[in-house]
Amino acid sequence: MAGAHEPTIWAGSMHHFNSGHLVGEWFSAVDADTIALADVHRSGPPATPECEEIWVYDVEGFPEAREMDLLDAARWGALYEEIGDDAWPALSAWVRSGAYVEDGDGMPSTLDFEERFAGAWPDFRTYAFQLAGDNDMFDGLPEDHVAVRYFDWDSWIRDLKFDYSIEPNSEGGVFIFRDL
């Protein structure tokens, strides 16, 4: 069953495209490695001997919109299956941030993603306060201690942001990634 964020591709006949005709179909990127010439010709004219190549001309649900071959689309589909539908929007935002790490195949590294992803938050300030609490920043100091009373939260949060990539999410909040 397709997830809500499953990436899809519009794969078409390169011969027909170069001849000025759009002949192709929408497919799940997960199935990109199984697409054959007959599949892209389902709704259009039949395949001819000149129809040798299939090309991905459009994408939906990918971190970036670009053309690609079926092998690249299949890699994105495999990455989607590995990371899962729930994490896909965050991984896509990480890629769009430009601060992502590639694996040996030029794809986003899921291990690095999992290490760097700090979650979805209403805003960075909320995350920073939670981080300070989790790390017991003022542990052992009474609330009236001078360090607690005069701590400049705004400056600390502003400086902390330099260690993170922050991308908007579809719920109006942000995805936060550690820049390690």
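Biologist: Is Trp94 buried or exposed?

Modeller: In this predicted model, Trp94 is buried, with a relative accessible area of 1%.

Biologist: And how is the ring of Trp94 placed against that of Tyr100?

Modeller: The ring centres of Trp94 and Tyr100 lie 6.1 Å apart and the planes stand at 70 degrees, so this is an edge-to-face pair; Tyr100 itself is partly exposed, at 25% relative accessible area.

Biologist: Which residues form an aromatic cluster with those two?

Modeller: Trp94 and Tyr100 form one aromatic cluster together with Phe113, Phe117, Phe175 and Phe177.

Biologist: How many aromatic pairs are there?

Modeller: The count comes to 22 aromatic pairs, and one of them, Phe17 with Tyr57, is stacked, at 4.1 Å centre to centre with 25 degrees between the planes. Phe17 belongs to helix α1 and Tyr57 to strand β3, so the pair ties together parts that are 40 residues apart in sequence.

Biologist: Switching to α6, which of its residues are buried?

Modeller: In helix α6, which spans residues 124-134, the buried residues are Phe124, Tyr127, Ala128, Leu131 and Ala132. Seen down the axis of α6, they fall within an arc of 135 degrees, and they therefore line one face of the helix.

Biologist: What covers the buried residues of α6?

Modeller: The cover includes strands β4 (117-121), β5 (164-168) and β6 (174-178), along with helix α8 (153-160).

Biologist: What about the start of α6, and what comes just after the helix?

Modeller: At the start of α6, a side-chain oxygen of Asp123 reaches to within 3.3 Å of the backbone nitrogen of Arg125, whereas just after the helix Asp136 takes a positive phi of about 50 degrees.

Note on methods
Residues numbered from 1 in each chain as written. Predicted model: local features only at pLDDT ≥ 70, side-chain atom pairs only at ≥ 80, totals over all residues. Heavy atoms only, no water. Buried < 20%, exposed > 50% of the residue type's maximum accessible area, 1.4 Å probe, protein only. Helix = DSSP H or I, 4+ residues; strand = E, 2+ residues; numbered from the N terminus. Arc of directions from axis to C-beta. Contact = heavy atoms within 4.5 Å. Polar contact = N/O pair within 3.5 Å; in protein donor to acceptor, adjacent residues only side chain to side chain. Phe/Tyr/Trp six-rings, centres within 6.5 Å; stacked < 30°, edge-to-face > 60°.
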